[in-house]
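Below are some points on the model under review, in numbered paragraphs.

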Amino acid sequence: MSSSTALSGRGSRLAALVVGLCWLAVLFDGLDMFIYGSVLPHMLEQKALGITPGRAGDLGSYATFGMLVGALTAGTVADRIGRKKLMVCCVALFSLASGLCAVAGSVTVFGLGRTIAGVGLGGLLPTAISMVTDYARGGRGALTVGALMTAHHAGGILSAYVAKWLVEPVGWRAAFWVCVVPLLFVPVLAKAMPESLSFLVAKGRADEARELAARYEVELPAAPARKEGADRWAALAGLFRGGEWTQTLLYWLASFGGLLLVYGVATWLPTLMRGEGYNLGSALTFVVLFNLGGIVGMLVAGRASDRFGAPRISAIWFALTAAGVFLLSVHMPLALTFTVVFLTGVFLNSAQTMIYATVSLRSSPGNRATAVGWTSGMGRFGAVFGPWLGGQLLAADHGSWGFTAFALAGVSSMVFIGIAALRTPKRPAPSGSHQDLLAAS
């Protein structure tokens with residue numbers, strides 16, 4: 001990932017502008033991602049579009065499959081057209097796709113809308129993280145990216161309130177019309193967001209880069225020493241040389257279970273909680289608490305990992321997540337349930353990030369981006385599988401097993417990352433920036 005550009009004076013204000021615009025874009029990303037899970041209980045109750053629990057799980061997986069495609073292609077597209085243009089395209093894409101969902105007259109059209117939205121959602125987040133990394137103040141890259149990640153969970157909180165305020169009185173389509181509103185943000189983003197200096201330098205557009213740097217009083221980043229090209233395949237092969245293949249597979253399996261858990265719970269939490277006897281208002285409050293926990297978890301997990309080690313914290317966090325998710329299958333007093341949901345959000349959302357931290361810190365600097373990127377990519381298959389699994393359990397009238405199945409996914413990730421933690425890394429890497437691990441989220 002690109003190195004941070006040192007800033008001073010007006011450059012600091014430029015950093016605030018870039019981070020602010022990216023934060024809003026990621027907020028809309030989170031809103032669009034979580035809105036389906038927030039309105040799903042109502043859609044199932046009203047049998048909207050003839051939707052069934054099994055079909056609902058498929059629809060949830062369509063969006064995460066689109067995110068897989070978007071995440072895997074974002075880097076290549078950004079290298080061609082620029083990070084700014086890609087961000088603008090992604091926001092426009094998932095906003096328009098939400099409009100398609102809002103007017104859909106069939107499950108097929110609705111599913112197409114969610115798939116297209118997923119492509120935009122998957123492409124936006126890594127691009128936004130790369131952008132804020134370019135303009136972060138020296139020594140504050142990880143903090144800046146961590147702050148950006150809170151926007152995704154803030155979007156999840158917003159989705160719950162949108163559903164709570166609009167779905168019952170107006171209908172589920174109104175919630176998706178709200179997700180079209182970010183389209184108004186597109187011209188603002190296109191006009192106010194500067195292009196990445198690293199992109200301009202890497203593309204040899206030196207005059208544009210110097211003009212932008214002079215305008216905002218920032219230093220130009222160093223030009224890349226060489227092209228990556230085929231070296232990416234050599235870096236991938238390096239993940240399997242010698243005894244590294246076992247460590248690589250452990251990371252991939254842990255990431256698969258972790259993202260299965262993250263997206264399975266994100267999609268089905270309100271529906272499963274309604275199945276446990278809570279009303280829609282309480283079920284949506286759980287979404288708010290879950291995402292508030294995610295914000296807190298992102299801010300505290302890094303500190304704990306710096307002190308006790310990322311793989312150890314990840315294993316412990318997954319164990320606590322599994323316990324919390326399993327407890328949600330037990331009907332407890334409402335206040336206690338609220339507490340469990342909040343704590344589950346704290347541990348779940350940051351446990352996965354600590355897998356990336358482990359990979360990042362145990363990889364050589366030259367192979368770090370490849371190692372983290374492929375660990376994230378393999379995990380995305382779990383993100384596709386999680387919503388589908390929840391739908392199949394509900395369709396088979398085994399909804400009570402939903403939380404148990406997701407808890408078992410947490411246990412599996414705990415075991416795999418725990419085994420990896422016990423193995424001594426062959427290539428201990430010096431402490432570096434954490435941007436790569438955050439970008440993979």
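1. How much accessible surface does the protein have, and what share of this surface belongs to carbon and sulfur atoms? The model is a predicted one. Its accessible surface comes to about 17,500 Å², with 66% belonging to carbon and sulfur atoms.

2. On secondary structure, the protein has 17 helices and 0 strands. Of its 441 residues, 58% count as buried. Among contacts with a separation of 6 or more, 84% are accounted for by residues 24 or more positions apart.

3. The largest nonpolar core holds 120 residues, and the members that touch the most others are Cys22, Val39, Met87, Phe110 and Phe406. Helix α1, which spans residues 10–46, gives the most to this core: 17 residues.

4. The surface has a nonpolar patch of about 350 Å², made by Phe240, Trp245, Leu249 and Leu253. Leu249 lies in helix α11, residues 244–275.

5. The cut-offs are under 20% for buried and over 50% for exposed. As background, nonpolar side chains in soluble globular proteins tend to be buried together.

Key: Residues numbered from 1 in each chain as written. Predicted model: local features only at pLDDT ≥ 70, side-chain atom pairs only at ≥ 80, totals over all residues. Heavy atoms only, no water. Patch = residues over 30% accessible without salt bridge, like charges linked within 9 Å, V, L, I, M, F, W, Y side chains within 5 Å. Areas by Shrake-Rupley, 256 points an atom, 1.4 Å probe, with all protein chains shown as cover. Salt bridge = Lys/Arg side-chain N within 4 Å of Asp/Glu carboxyl O. Helix = DSSP H or I, 4+ residues; strand = E, 2+ residues; numbered from the N terminus. Buried < 20%, exposed > 50% of the residue type's maximum accessible area, 1.4 Å probe, protein only. Contact = heavy atoms within 4.5 Å. Core = buried A, V, L, I, M, F, W, Y, C linked by side-chain atoms within 4.5 Å.
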